[in-house]
Amino acid sequence: MNAGGAATVFELHAIGGPWGRRLAPRRAWLDELAWPAGGELLADDARAGLPLEIARAMWTQTAWSEYASAAAFAEIAAALLACGAPIDLVAAAGDFVVDELVHAEAAARVAGAVGGAVALEVALDRLVRPPAARAPLAAAAELIVRTCCVGEALTVPMLKLSRQVAGAGLIADVLGRIVADEASHAQLGWWFLDWAVPRLDDAARAELGRVAGGAIASFAPLLAGGCTGSGLGVVACTVYDPAFTAAVARHVVRPLAARGIEIPADALAVVGAATAARA
Amino acid sequence: MRTRTIMTVAILSAGCGTSGTTRQAPASGPTAPAAPATVATTTTTAPAPAPTTTVLAVPAPVTAAAAPMATNDPAALERLAMELREAAPADVGARLAHFRPLCDAQGFPLVGNLVTKSMSPEAQPITAFCADVRTRIGR
């Protein structure tokens, strides 16, 4: 992968040697899956008529999302250290970087199995949105609310849905493993808030509500546009959109509200979740 | 030192190539870390580019990407937006060539992994373009 500030085509490399052996136990499950033989693609009956181009784009973007999540947890680990968070939370955040990198490799290999990755231009200097807050605790809370309490909390139900409609054993297996990891990634957010919220004042909690609302609203473009069918891990919009709206209410709005963090209604309305949140 | 390529984008002569699955053997055994260079006269030689073996060969049916717009001029950005509103989706895709990931209003990746939604081929270039505009204007 190229370093630097300009947009670059997304690539992943590994250097092997002692570093490969160190990582081996964490990524061993990848090699145990039933990958297609060299050069072959997943069977047509797993596609259910879905154009391969869509699956290629989706799995390439998934690999990028996982890579960006690795960067987010690296930032979170540093922020937790800076605010004196419990060390087991810090250790978990650091460990999640490894999870996300293995997920990135898994998604990359699925992209290969459905025809190869697309040329995805990415900006490596814009991996993680920096927190606006300067105070260490508020900065950590901002990163964690955005990443764990919104991103990872929504990822779990949506990847479960993706697994249900995968239509292929290999992809279902990959998604199942990723979901199992992401569940604990979301949980870190709630455990952190239970520790941190008593240390935050009303203004800080209100700001966290706005942070969560902004993160949710950023998904609005995902809910627009046309759509094809489901398969190979891709979810049809007729299934995806209502599930997303329900997930926002159940997995983000309510758990945050239970901790005194309210998301502004206008942010929820952008993704059609305002009504669901009140239900 | 060799690196193992997990995912790369190869420009192939045809748009329907297949994936390679060659896995490279681990690099040669660990070596002692080099001592930091603390003497100004130390001669250093730039290492040769690390050879890579492709684990995941990927076809990339793309054309050259458009040059980035190096301006924050609102008028220029408005002209760009006007051009793209008027352009057919296929034309937009041909000009921008590469995909761009969805991003937030500041150009950062969306948090989590929520990109499993199916999007029609017609919608895809437009979506990619929206992200591209955000990136170009640095927001």
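Helices (DSSP runs of H or I, at least four residues) and strands (runs of E, at least two) are numbered from the N terminus. Residues are numbered from 1 along each chain as its sequence is written, and chains are lettered from A in the order in which they are written. The model is predicted, and local features need pLDDT of at least 70, side-chain atom pairs count only at pLDDT 80 or more, and totals for chains, interfaces and linings use all residues.

**View 1. Overall make-up of chain A.** Chain A has nine helices and three strands, which follow one another along the sequence as β-β-α-α-α-β-α-α-α-α-α-α. Of its 279 residues, 50% count as buried, that is, with 20 or more other C-beta atoms, placed from the backbone, within 10 Å of their own.

**View 2. Helices α2 and α3 of chain A.** The axes (lines fitted to C-alpha atoms over the stretch in contact, with angles from 0 to 180 degrees between N-to-C directions) of α2(A), residues 52-82, and α3(A), residues 87-113, come within 8 Å and cross at roughly 170 degrees. α2(A) is therefore roughly antiparallel to α3(A), a term for angles over 145 degrees.

**View 3. Confidence in chain B.** The mean pLDDT (the predictor's confidence in each residue, from 0 to 100) of chain B is 51, and 17% of its residues reach 70 or more. Confidence in chain B is lowest in helix α2 (residues 89-96) of chain B, at a mean of 42, and highest in strand β1 (residues 3-7) of chain B, at 71. Where pLDDT is low, the predicted coordinates should not be read in detail.

Terms used
Angles under 35 degrees count as roughly parallel, over 145 as roughly antiparallel, 65 to 115 as roughly perpendicular and the rest as oblique. A residue is buried if 20 or more other C-beta atoms lie within 10 Å of its own, exposed if 12 or fewer, and partly exposed in between; C-beta atoms are placed from the backbone.
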